[in-house]
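Subject: Structure for you to look at

Hello,

Here is the structure I promised. Please open it first, then read my notes below.

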Amino acid sequence: MPYIPHSDADRKAMLEAIGVSSLEDLFADVPERARFPGLQLPPALSEIGARWELESLAEANLTTGEGSCFLGAGVYRHFVPAVVDAVISRGEFYTAYTPYQPEVSQGTLQSIFEYQTMICELTGMDVSNASHYDGATSTAEAVITAINVHRMRRKKVVMSRFVHPQYRDVVRTYTQGLDLTIVADEDESTEIEDLLDEDTACLIVQYPDFLGRFEDLTALGEAARAVGALLIVVADPIALGLLKPPAAFGADIVTGEGQGLGLGLNYGGPYLGFFAARSKHVRKIAGRLVGQTVDTDGERGFVLTLATREQHIRRERATSNICTNQGLMALAAAVYMAALGKCGMRQVAETCYHKAHYAADQIDALDGFTVLRDKPFFKEFAVRCPRPVAEINDELLRRWAIIGGYDLGRDYPDLEDHMLLCVTEMNPRQEIDLLVKSLKEVTS
Amino acid sequence: MKLDPEARYTESHEWGRMEGDEVVCGVTDHAQETLSDVVYVELPMVGDVFDAGEPYGIVESVKAASDLYTPVAGEVTGVNEELETAPEMVNQDPYGDGWTIRLDPTDPDELDDLMTADEYEAFVEEEEG
């Protein structure tokens, strides 16, 4: 569809219709001095000049394609097969918004159905919604779901301190009007089991946790169930290619960041929050479910199986008013999972695991560096460093074009001088060896 | 329109019926017919206390979602858990298996203030116009 701007006659007619004489009248509420601030722009450039200017600015950046990257902490550099962009760039998907009569768009519904099915297979859950903005918001929605499952009668949320620090912030922001008490994450001294009680709506843990560690959550799941609290597991979907699915630990809701599933780093967004639950909670979850059915002729078709009616006609009663999903990103994740298949997902996870352990062994052997090994880890691990993390990272970047690890001291005072390193299938062995060599040099 | 002569009726199309010391509640045959196929019923928990005319649950059909209101004040002593998996019982047997909750009434006489079956029938006819 061509873009045709309004003609002068169109504008005049519209202004007349609303009873103002000029466009400026529409801005009468904006103080005059703020209406056209002086921008002090340089003289205009020709197109070619502008291109050179922008290219020189872009060249000042170091991209992950040029240097090597060992930063994770919630967003991960995984390989994006070309088929992902090829499919999501198709006009039918790229520009389409879920129509208000969704069944008109069978292709969109089918892609959501396939996404939901694969998320269920990965997490072991019964139902998955069509996605949220990111891992943090899907986790916050899980808390709201748990509160509603308990019909607002339980107001306590036990949240592990090794849930991503930013997710914990978002949970607090999202739930600030609900009068909840969120415990455990700012308290290092008390065991999580001891905080579970009859007033606890849910227990949230991350798997692998923010430090990359994973463990059998069966006991925690049982402890939560014993007091009637829901178990919410924030999971890395890439790790689930290898690790036991959270369903095996009795998880009620599994959420997480789907960015690793074929989305790329995308400069921090758009990302993808996945959300899957047991079917008994289906009436309380946010978003929609797409299902497969047959039409009157017996042909396969896709429908919105569940869209909580409250979201349309009784909004004040809805457990969530989130109706938006990350449709294009969910499609990318679906294409990624379908392209890799069960074996491919496992291969990616195993490669990450082995590379991360190779890196950890080499770094652990360096003077002054100690890898935290209290629990098994997946693709990230915490390392105690002999110098402040920020200083090490500066040197790595400047001298070897290496993007170093996350400074854990920013969120955990007891982990000052600890770096969280991430190794994926995108880090060839030479990069890991260079990192080890560089770490040795910056600290000797 | 089916009616239960033993029950008393509200203007919001619920019924209440004394059984022993308890008041059994539900929606009327007229209500289920108007709603058409019921697909979901959300009920309170045992021990919840309600005033008369207070919303205690939701009945959702393929056509609409409506609040359920208590006919009398009281404490919930039982909920029909069968409705969780078989909400269609509200359509099939609104005065029997399709009951919603049982209440321990604060004042059993409160039920007498509600419409009788005959009065309710007239009320529906008038409402239908």
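Start with Val234(A): its bridge partner in β7(A) is Thr255(A). Strand β6 (residues 230-235) and strand β7 (residues 253-257) of chain A run parallel, and three bridges join them. Strands pair if DSSP finds at least two bridges between them. Strands (E, at least two residues) and helices (H or I, at least four) are DSSP runs, numbered from the N terminus.

Before you go on, note that this is a predicted model: local features need pLDDT of at least 70, side-chain atom pairs count only at pLDDT 80 or more, and totals for chains, interfaces and linings use all residues. Residues are numbered from 1 along each chain as its sequence is written, while chains are lettered from A and ligands numbered from 1 in the order in which they are written.

Now the sheet. Seven strands of chain A form an open, mixed sheet, in the order β2-β8-β7-β6-β5-β3-β4. Its edge strands are β2 (127-128) and β4 (181-183) of chain A, each pairing on one side only. In total, chain A has 14 helices and 15 strands.

Next, the cores. A nonpolar core is a set of buried Ala, Val, Leu, Ile, Met, Phe, Trp, Tyr and Cys residues joined through C-beta atoms within 7 Å. Buried means that 20 or more other C-beta atoms lie within 10 Å of the residue's own, with C-beta atoms placed from the backbone. The largest core has 112 residues. Cys202(A), Leu203(A), Ile232(A), Val233(A) and Ala333(A) touch the most other members. Helix α12 (residues 327-364) of chain A gives the largest share, 17 residues. Another core, of 28 residues, lies apart from it and includes Val41(B) and Val124(B).

Which parts make up chain A? They are domain 1 (68-80 + 342-443) and domain 2 (82-337). These bounds come from an automatic or database domain assignment. The C-alpha centres of the two domains lie 28 Å apart. Their contact takes 25 residues from domain 1 of chain A and 22 residues from domain 2 of chain A. Here, contact means C-beta atoms, placed from the backbone, within 7 Å. On the domain 1 side, α12(A) gives the most, with seven residues.

Finally, the whole chain. Of the 444 residues of chain A, 40% count as buried. Its C-alpha atoms fill a box of roughly 75 × 60 × 50 Å, taken along the principal axes.

Best wishes

Methods. Buried ≥ 20, exposed ≤ 12 C-beta atoms within 10 Å, placed from the backbone. Contact = placed C-beta atoms within 7 Å.
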